[in-house]
Amino acid sequence: MSISPKSRPGRRTRQRILDVTLALYNERGEPQVSTSLIATELGISAGNLHYHFRRKDELSAALLDRFVRELDVLLPPAGWRAESVEDVWLLLHLILEALWRYRFLFRDLSGIMSRDRRAGQRLATVFERAVQAARGICLGLAERGQMTAMEGEIDALSTNIAVVSLYWLSFEAARHPRRELSETGMARGAYQVLMLVAPFLQTESRFHLEKLAQEYLARGEGA
């Protein structure tokens, strides 16, 4: 009986290595994790680990590729326009969840980029797509009469939305190092991003934003 590519033992081992490495990177920071520690955590020999990944940089690159693929699925395509504040809220929440899963990237971003030129190029693409998605948020709400902003304001707002979205979790971790991120933290992040848009929203959309925030924050506190 043939074995499908997804069920091959080597593929499963590689996936397990990446999962454990990601957990260690997130817990301790990428610079503090060695291949010996990863092998010990996995309960395999260093030789077995090196069979799949010859160097630690290959592990980091593979995790970066996985992060980029996940963001590529979440970020809207070119030309996308948001239809409502609720759509934006959901999109931001999904993006923040993905960023939390790969939070090690933003702890040592400059170090990772300095060691791997390709990482810098790939992350630059992700950042640009984030700005374009933010622009789609502003243009979509403006085209539907839910917000009012001039072209220059939309340009600046798009960049600000991307910056706060991408770095909110790093800010929260530095501000509250002993606090584990919760559903409330995700909702607070989405709310902080949308508060950049709030001054430009029409009254009805602004009220809808506040209602969404109250519902999500209350849900997180009750979890």
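This report describes the nonpolar core, a helix pair, the salt bridges and selected residues of a predicted model.

## Basis of the model

The structure is a predicted model, in which local features need pLDDT of at least 70 and side-chain atom pairs count only at pLDDT 80 or more, while totals for chains, interfaces and linings use all residues. Residues are numbered from 1 along each chain as its sequence is written, and side-chain values use heavy atoms, with hydrogens and water left out.

## Nonpolar core

In soluble globular proteins, nonpolar side chains tend to be buried together. A nonpolar core is here a set of buried Ala, Val, Leu, Ile, Met, Phe, Trp, Tyr and Cys residues joined through side-chain atoms within 4.5 Å. Buried means under 20% relative accessible area, exposed over 50%, and partly exposed in between, with a 1.4 Å probe and protein chains only.

The largest nonpolar core has 69 residues, and the members that touch the most others are Phe67, Trp89, Leu99, Phe104, Leu105, Leu194 and Val197. For Phe104, the contacts (heavy atoms within 4.5 Å) are with Leu22, Tyr25, Asn26, Glu30, Leu63 and Ile112, when residues up to four places away in sequence are not counted.

Helices (H or I, at least four residues) and strands (E, at least two) are DSSP runs, numbered from the N terminus. Two packed helices are described by the angle between their axes and the distance between the axes. Axes are lines fitted to C-alpha atoms, for helices over the stretch in contact, and angles run from 0 to 180 degrees between N-to-C directions. For α4 and helix α5 (residues 85-101), the axes come within 10 Å and cross at roughly 175 degrees. The two helices α4 and α5 are therefore roughly antiparallel to each other; angles under 35 degrees count as roughly parallel, over 145 as roughly antiparallel, 65 to 115 as roughly perpendicular and the rest as oblique.

On the α4 side, Phe67, Glu70, Leu71 and Leu74 meet Leu91, Leu94, Ile95, Ala98, Leu99 and Arg101 of α5. The residues of this contact between α4 and α5 comprise eight nonpolar, no polar and two charged. In this division, Ala, Val, Leu, Ile, Met, Phe, Trp, Tyr, Cys and Pro count as nonpolar, Asp, Glu, Lys and Arg as charged, and the others, Gly among them, as polar.

## Salt bridges

Side chains of opposite charge can pair when their charged atoms come close. A salt bridge is a side-chain nitrogen of Lys or Arg within 4 Å of a carboxyl oxygen of Asp or Glu, and by this rule the count comes to 13 salt bridges. One of them joins Asp72 and Arg129, with an N to O distance of 2.3 Å. Asp72 lies in helix α4 (residues 56-74) and Arg129 in helix α8 (residues 117-143), so this pair ties together parts that are 57 residues apart in sequence. Asp72 is partly exposed at 47% relative accessible area, and Arg129 is also partly exposed, at 22%.

Arg54 pairs with Glu58, the closest N and O atoms being 3.2 Å apart, and Arg54 is exposed at 62% relative accessibility. Another salt bridge, at 3.9 Å from N to O, links Glu172 and Arg175. Both Glu172 and Arg175 belong to helix α9 (residues 151-175) and are three residues apart, about one turn of the helix. Glu172 is buried at 8% relative accessible area, whereas Arg175 is exposed at 51%.

## Selected buried residues

Val85, in helix α5, is buried at 2% relative accessibility. Its contacts are Leu141, Gln146, Leu194, Leu201, Ser205, His208, Leu209 and Leu212. Val85 and His208 are 123 residues apart in sequence, and their C-alpha atoms are 7.4 Å apart in space.

Asp65 lies in helix α4 and is buried at 16% relative accessibility, in contact with Arg118 and Arg122. Ala130, in helix α8, is buried at 13% and touches Leu75, Ala162 and Leu166. Ser158, in helix α9, is buried with a relative accessible area of 2%, and Ser158 is in contact with Val131, Ala134, Arg135 and Cys138.
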